2 protein chains.
Amino acid sequence: MTQAKPQGRGLARRQAMLDAARELFLEKGFECTSLTDILKRSKGSRSTLYEQFGSKAGLLRAMVEEVTSTVWQLLGDDSGPCTFCEAGLIELGRRFVYSALAPETIAVYRIIVAEGHRVPEIAEFFFNTGPRTLEHRLAERFRAALSVRENVGSPEEIAQIYLGAVLGDLHVRQVLGLVPHWSDEQIDSHVRIAVGIFLDGVGRPPSRVETISDRPDSPKEIIDLGSQLG
Amino acid sequence: MTQAKPQGRGLARRQAMLDAARELFLEKGFECTSLTDILKRSKGSRSTLYEQFGSKAGLLRAMVEEVTSTVWQLLGDDSGPCTFCEAGLIELGRRFVYSALAPETIAVYRIIVAEGHRVPEIAEFFFNTGPRTLEHRLAERFRAALSVRENVGSPEEIAQIYLGAVLGDLHVRQVLGLVPHWSDEQIDSHVRIAVGIFLDGVGRPPSRVETISDRPDSPKEIIDLGSQLG
DNA sequence: TATGCAGTGTACCGTACCGTACAGTTTAGT
DNA sequence: ACTAAACTGTACGGTACGGTACACTGCATA
């Protein structure tokens, strides 16, 4: 991302300013970063900045698009693992969570949440490039893999629930700054558990249609879920 | 919330200012709302505001605490429906989603995300009062209801996954302003589906231990989930 | 070397806003 | 009715920032 002179001095200055903006927005947020801060770090001049981006919002827009495009790239290639075996769901979930929790993603998310009303289209760009695309790809596969059963909802809804389960509250905690950083082990473990529940469920109270012996693959662990009705 | 003269003029003015601040922060965000705006709406004076709250951040803090305390109140009473039958999980999920998507909650969340670094403790207050408390209550019940099975994680983790699944991406979409408002039917349907998956799962590929005939409660709908390995 | 353009550095303008000060006005208690 | 305190309204200071203007510099080409 930080490389010199793609072509001509102009683009080099543009990139330097984008880099400085990205770093500073990530460190201090958008509002608290002044153009002077950015110029101090990028060694550029005010005139050049306005020539390249037109306004502070223009700079934000360019920076968000750059970060968004690169951070979700992991999810773009279908050449990954198999998608709907358990291992595939785990690997996909891992990639999604890593992308969603990357510091750049979190910073961009913070900025969009705060400034979204001023530059509305960037929120759409962010969400469409990331979660929405993934949801669609997942839903497509789900549609092919699952014949619909009543009360189970559309493939899109199932995909949304899968992503929600896999992400849990990791994202909220990160965005609110309640956690310094999640370790790889924590993420892996969380995703693994979520996928397990997504596939098998935690088990239904025995007072319903099924009996324990109806589920020979996991008999003991759902023993008294139903006795808790309070 | 908007009532006159709890006791003395002071508290009345304080409440009027809090109300105006809540409304305006909700409409325009924190940064874009000036004290002049608030004073214009609350009919109060600048001096009184500083006497009551000390600073703009103090006003924010008071407003966030008020909203947070009231909006999660729905979740506070255990006298609700049974907690772990399917109906109970659905009802609890509904309440959680409604609280999380309430306009006041969304607005407060936006503000905290944007200004959290300036007033760090309010983010903690928000999360602890809402999701964290609920997670703990859920986990406690889960611990009692489920005997642990290997690879399934702690009750806390299961609770987090439950909340994540139930919320799906509704919250993100709302926060990013991509949706005007969710209808009650949409929320109800989403929660119902999520709880279904949480309890039963979507079904595991037949290439694993179980066979189709092992799950007589939902035989047809999981036919070729495994054939999709990419 | 001469020329022109791209980029630089800085000074400046207008504006918006937080926070304070202060004189005037309303309310409540005696 | 008198007085003290609470509240109002406004004006002002200080500051920070976005955006513009403009003179200056360095590099590349003819």
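A crossing of two helices is left-handed if the near helix is turned anticlockwise from the far one by less than a right angle, and right-handed if clockwise. By that rule, helix 5 of chain B crosses helix 8 of chain B in a right-handed sense.

This is a predicted model, in which local features need pLDDT of at least 70, side-chain atom pairs count only at pLDDT 80 or more, and totals for chains, interfaces and linings use all residues. Residues are numbered from 1 along each chain as its sequence is written, chains are lettered from A and ligands numbered from 1 in the order in which they are written, and side-chain values use heavy atoms, with hydrogens and water left out.

**Helix packing**

Helices are DSSP runs (H or I, at least four residues), numbered from the N terminus. Axes are lines fitted to C-alpha atoms over the stretch in contact, and angles run from 0 to 180 degrees between N-to-C directions. Angles under 35 degrees count as roughly parallel, over 145 as roughly antiparallel, 65 to 115 as roughly perpendicular and the rest as oblique. Contact means heavy atoms within 4.5 Å.

In chain B, the axes of helix 5 (residues 86–101) and helix 8 (residues 155–167) come within 10 Å and cross at roughly 65°. Helix 5 of chain B and helix 8 of chain B are therefore roughly perpendicular. Helix 5 of chain B contributes L89(B), L92(B), G93(B), F96(B), V97(B) and A100(B); helix 8 of chain B contributes Y162(B), L163(B), V166(B) and L167(B). This contact has nine nonpolar, one polar and no charged residues. For these classes, Ala, Val, Leu, Ile, Met, Phe, Trp, Tyr, Cys and Pro count as nonpolar, Asp, Glu, Lys and Arg as charged, and the others, Gly among them, as polar.

In chain A, helix 5 (residues 86–101) packs on helix 6 (residues 103–115) at about 55°, with the axes 5 Å apart. That angle makes the pair oblique. S99(A), A100(A) and L101(A) of helix 5 meet P103(A), T105(A) and I106(A) of helix 6.

Helix 2 (residues 35–42) and helix 3 of chain B have axes within 10 Å that cross at roughly 105°.

**DNA strand D**

A residue is near the strand if one of its heavy atoms lies within 4 Å of it. DNA strand D is surrounded by 17 residues, the closest being Y50(A), K56(A), G10(B), S47(B) and T48(B). The nearby surface divides into two nonpolar, nine polar and six charged residues.

Polar contacts are pairs of N or O atoms within 3.5 Å.

| Residue, atom | Atom of DNA strand D | Distance |
|---|---|---|
| L35(A), polar backbone atom | phosphate oxygen | 3.1 Å |
| S47(A), polar side-chain atom | base nitrogen | 3.3 Å |
| S45(B), polar backbone atom | phosphate oxygen | 3.4 Å |

Helix 3 (46–53) of chain A, with helix 1 (8–28) and helix 3 (46–53) of chain B, are the elements giving two or more residues to this surface.

Technical notes:
A polar contact is a pair of N or O atoms within 3.5 Å; within protein, one must be able to donate a hydrogen and the other to accept it, and residues adjacent in sequence count only if both atoms are side-chain atoms.
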